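Hi everyone, thanks for coming. Please have a look at the sequence and the structure on the screen, and then we'll walk through a few spots together.

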Amino acid sequence: MRRAPPALRMALALTAVLAAVGMPSWAVADDALVHEGRALYRGERAWARPAQLHGVTLAGAACVQCHGSHGEARTEAGVPVPAITWQRLVQPAAQRPAYADEAELLRALESGHDPAGRALAAPMPRYRLDAHEARALLAWLRVMGTEAAPVPGVKADRELPVVWAVAKG
């Protein structure tokens, strides 16, 4: 009997794990889109239109520079930087209400105002994302800091012992 390719076994195992924890399989974004979003977030790929800060073009601006590799809350140059994992963005925070949906977050990135209309912190650049960049960045924000975030250097065509054990079991 012919075995399924490793990538298919991994996808089936992931679907089984997601079903076990109650997360629909459609909630996992296209892997290529997630990788593109991660590259944009980390500054490994340039934005189509550079970010702006108070009218100044910021070539090379990347989310990771202030929000860190995992979107964690921290302080940068004495300014509090909020956590921006999707799980945190959809929850109200001390200084802002929850983002109701992706469109609301994208408006904030472009306009510089939170869902309540309050200005974001002064150092936060304004981004004019094209549709593909928006989808990619949102795909990354949804998985960043979760178990679903792809591990750099691990490709879907490589078998991992954990996935192999789940697929075999």
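Predicted model: local features only at pLDDT ≥ 70, side-chain atom pairs only at ≥ 80, totals over all residues.

Let's begin with helix α5, which runs over residues 102–111. Which of its residues are buried? They are Glu 104, Leu 105, Ala 108 and Leu 109. Look at the numbers, and then at the helix itself. These four cover an arc of only 140° around the axis, which puts them on the same side of α5. If you are new to helices, here is the background: an α-helix has 3.6 residues a turn, so residues three or four places apart point the same way.

And what covers that buried side? The cover includes α4, residues 86–89, and α6, residues 131–143.

Now for the two ends of α5. At its start, Asp 101 has a side-chain oxygen that comes to within 3.3 Å of the backbone nitrogen of Ala 103. After the helix comes Gly 112, and its phi is positive, near 85°.

Next, the arginine. Arg 96 sits in the loop between α4 and α5. Is Arg 96 buried or exposed? It is buried, and yet it has no salt bridge. The nearest side chain of opposite charge belongs to Asp 114, and that is 6.4 Å away.

If we leave aside neighbours within four places in sequence, Arg 96 is in contact with Arg 88, Leu 89, Gln 91, Asp 114 and Arg 118.

Last stop: two loop residues. His 54 is in the loop between β1, residues 51–53, and β2, residues 56–58. Its phi is near 50°, a positive value in a residue other than glycine. His 54 counts as exposed because its relative accessibility is 65%.

Then there is Ala 77, in the loop between β3, residues 74–76, and β4, residues 79–81. Here phi is near 55°, again positive in a residue that is not glycine. Ala 77 is exposed too, with a relative accessible area of 80%.

Conventions
Residues numbered from 1 in each chain as written. Heavy atoms only, no water. Buried < 20%, exposed > 50% of the residue type's maximum accessible area, 1.4 Å probe, protein only. Arc of directions from axis to C-beta. Contact = heavy atoms within 4.5 Å. Polar contact = N/O pair within 3.5 Å; in protein donor to acceptor, adjacent residues only side chain to side chain. Lys, Arg positive; Asp, Glu negative; His and termini not counted. Salt bridge = Lys/Arg side-chain N within 4 Å of Asp/Glu carboxyl O.
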